[in-house]
Amino acid sequence: MIVVYKSNTGYTEQYAKMLARKLDVPAYSLDRVPDCHLHRDAVFLGWLFAGSIVGYKKAAKKYALKAVCGVGMSPPMPELVEGLRAKMKVPAKVPVFYLQGGFDMNKLSGPFKLVMKAKCKEIAQRLSLRAELSPEEQATYRMTQGEASAVDEANLAEVLAYLR
Ligand SMILES: Cc1cc2nc3c(=O)[nH]c(=O)nc-3n(C[C@H](O)[C@H](O)[C@H](O)COP(=O)(O)O)c2cc1C
């Protein structure tokens with residue numbers, strides 16, 4: 001078993017490395033997996049881009065995926081996981097997990113920055129109308145204000161329980 005990940009600004013990589021350490025297996029970026037692991041067991045973690053798990057399709061072709069994790073800035077919501085499964089066409093036998101990652105506007109450039117400036121404003125407005133926010137929603141709100149991370153080993157408990 002190995003951990004394979006696709007990360008844009010580093011938060012997914014942090015989760016991948018934590019998970020690999022816990023499982024006592026190596027972690028590799030999707031573009032740098034040694035060929036000897038081709039078609040072998042792997043867990044895949046990819047960052048969320050407009051509701052898609054980046055890198056999933058390529059990872060699913062190259063490895064026997066035992067679990068898939070999407071890492072995004074949204075608070076975890078039960079319907080999120082099934083939405084990701086449907087969008088990415090993840091087979092029913094492969095469990096999908098959602099992990100709340102982090103966000104850093106300053107690590108983005110060009111079109112991503114432009115899109116996310118508008119998106120963050122929209123999310124912040126929506127959350128600010130709410131009387132109360134859960135700790136996860138508060139983390140998302142902080143992300144929309146520039147930079148924040150919800151990366152936490154505790155969030156891996158469910159994935160670890162499944163894999164062990
Ligand atoms: C262009 C763009 C689109 C994004 N779309 C989503 C999304 O659909 N859902 C979500 O929860 N997070 C979304 N995010 C937030 C990232 O998935 C989140 O910041 C993630 O932790 C980034 O991981 P990374 O540091 O490994 O790249 C988006 C970020 C960018 C830059």
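Around the ligand, α1 (11-23), β3 (41-49), β5 (64-72), β7 (102-104) and α4 (110-128) each supply at least two residues of the shell, where helices (H or I, at least four residues) and strands (E, at least two) are DSSP runs numbered from the N terminus. This is a predicted model, in which local features need pLDDT of at least 70 and side-chain atom pairs count only at pLDDT 80 or more, while totals for chains, interfaces and linings use all residues. Residues are numbered from 1 along each chain as its sequence is written.

**Ligand**
- Of the 23 residues around the ligand, those that come nearest are S7, N8, T12, G72 and G101, a residue being near if its C-beta atom, placed from the backbone, lies within 6 Å.

**Nonpolar cores**
- In the largest nonpolar core, which has 34 residues, V3, V4 and F44 touch the most other members; such a core is a set of buried Ala, Val, Leu, Ile, Met, Phe, Trp, Tyr and Cys residues joined through C-beta atoms within 7 Å.
- The strand that gives the most to this core is β3, with six residues.
- Apart from it lies another core of five residues, including M73, A139, M143 and A150.

**Helix α5**
- Within α5 (residues 135-144), the residues A139, T140, M143 and T144 are buried, meaning that 20 or more other C-beta atoms lie within 10 Å of their own, with C-beta atoms placed from the backbone.
- Seen down the axis of α5, these buried residues fall within an arc of 145°, so they line one face of the helix; the arc is that of the directions from the helix axis to the C-beta atoms.
- Just after α5, G146 takes a positive phi of about 140°.

Terms used. A residue is buried if 20 or more other C-beta atoms lie within 10 Å of its own, exposed if 12 or fewer, and partly exposed in between; C-beta atoms are placed from the backbone.
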